[in-house]
Amino acid sequence: MKKTITTFFKLSVIFTLFIATSCSNEGEVIEDQSLEVENTDFESPELLARTTCNETSFPNLGPGAASGQASGCNDSSNPNNIGTLDCRSSASFGGYANVGGGFGRYRLTGSTDRFDGTRTRVERFFNRVNRGRNKSTTLSYEFRVDEVSSGRTCIVQVHAEGEIKEGLREGRTARSAVFLLYIKKANRRDRQGREVYTAEISESTVPFVTGSNGSGTRTTTFLRNITQGIRYNLTCKTGYDNSSSQLAESTVTISGGGNTRSRTMEHTYTAEAATTRYGAYEACDTCSDDRFQIRIRNVDFCRTN
């Protein structure tokens with residue numbers, strides 16, 4: 001009898017362990033299945049975003065820009081760079097051209113001439129990004145600066161467009177750039193005798209708007225130094241954040257010359273849309289040293305959502 005009880009006890013323990021082990025394994029399987037369902041079905045706003053980099057449709061020049069185009073300041077029939085060309089330069093040292101190595105060359109000569117009220121420019125631009133949660137555009141390219149006037153020249157700018165929906169001067173209509181990236185002389189040379197330039201950001205901290213009392217304020221901050229003839233990579237992302245307010249923000253990054261410098265701007269106002277331009281805008285109007293030249297290649301323009 002004692003032996004029978006002992007045998008029954010051992011069988012009970014083994015059976016209990018079997019059930020416990022089976023339940024434990026079953027729990028792991030259920031947990032894994034649950035994780036698989038979560039990974040498949042759960043999509044954050046970031047995962048829902050769709051990015052395309054095959055921009056093939058570009059805007060037409062507006063009436064003012066079209067009337068301001070300089071005679072003979074034409075685009076190449078098959079340009080190395082993408083985007084609509086806005087060419088307002090009447091000087092012989094001016095305009096766009098394809099050059100060696102797949103570069104597009106942008107030249108400017110400073111002048112007191114005004115083209116539909118603006119200074120000389122040779123720029124390209126894209127269709128705007130409309131305000132929306134997590135919507136943005138990203139411009140990237142490789143560049144080298146060959147010559148800089150005694151003034152400053154903008155190589156990237158983002159224009160705010162339409163009614164201001166959030167922030168300063170809400171309800172007014174935005175005009176002008178929300179920020180510009182300028183290159184200017186640093187008035188020194190490196191050990192190899194190459195000129196050193198300063199890259200700085202000029203941000204509209206108080207927006208420029210149409211109508212009465214429409215003047216704004218820009219704040220300029222240093223980004224980094226640029227050396228003549230050295231190749232750099234630039235990325236400019238602009239758009240709207242992932243919050244319910246869909247606030248405007250931009251990030252500019254320049255890498256090369258042994259380091260990377262980046263700045264993110266959470267803009268003080270948010271308009272209905274934003275447009276990116278790049279190339280060369282303005283040079284010193286009254287200096288004898290009045291020329292600017294930049295070469296750009298491998299241009300990509302990506303749109304999210």
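Modeller: Gladly! Keep in mind that this model is predicted. Let's start with C236: its sulfur has its closest cysteine sulfur in C154, 9.8 Å away, which is too far for a bond.

Biologist: What distance would count as a disulfide?

Modeller: The two cysteine sulfur atoms must lie within 2.5 Å. C236 is buried, with a relative accessible area of 1%, and C154 is buried too, at 0%.

Biologist: How many disulfides does the whole structure have?

Modeller: A search finds three. One of them joins C53 to C302, with 2.0 Å from S to S. C53 sits in the loop between β1 and α3 while C302 belongs to strand β17, so this link ties together parts that are 249 residues apart in sequence.

Biologist: Are those two cysteines buried or exposed?

Modeller: C53 is partly exposed at 43% relative accessible area, whereas C302 counts as buried at 17%.

Biologist: And how do I read the handedness of a disulfide?

Modeller: Look at the torsion about the S-S bond. For C53 and C302 it is 110°, a right-handed link. The disulfide of C73 and C87 has -50° and is left-handed.

Biologist: Which cysteine pairs with C284?

Modeller: C284 forms a disulfide with C287, their sulfur atoms 1.9 Å apart. The torsion there is about 60°, so this disulfide is right-handed. C284 is buried at 11%, but C287 is partly exposed at 23%.

Biologist: What pattern do the disulfides follow along the chain?

Modeller: Counting the bonded cysteines along the chain, the pattern is 1-6, 2-3, 4-5.

Conventions:
Residues numbered from 1 in each chain as written. Predicted model: local features only at pLDDT ≥ 70, side-chain atom pairs only at ≥ 80, totals over all residues. Heavy atoms only, no water. Helix = DSSP H or I, 4+ residues; strand = E, 2+ residues; numbered from the N terminus. Buried < 20%, exposed > 50% of the residue type's maximum accessible area, 1.4 Å probe, protein only.
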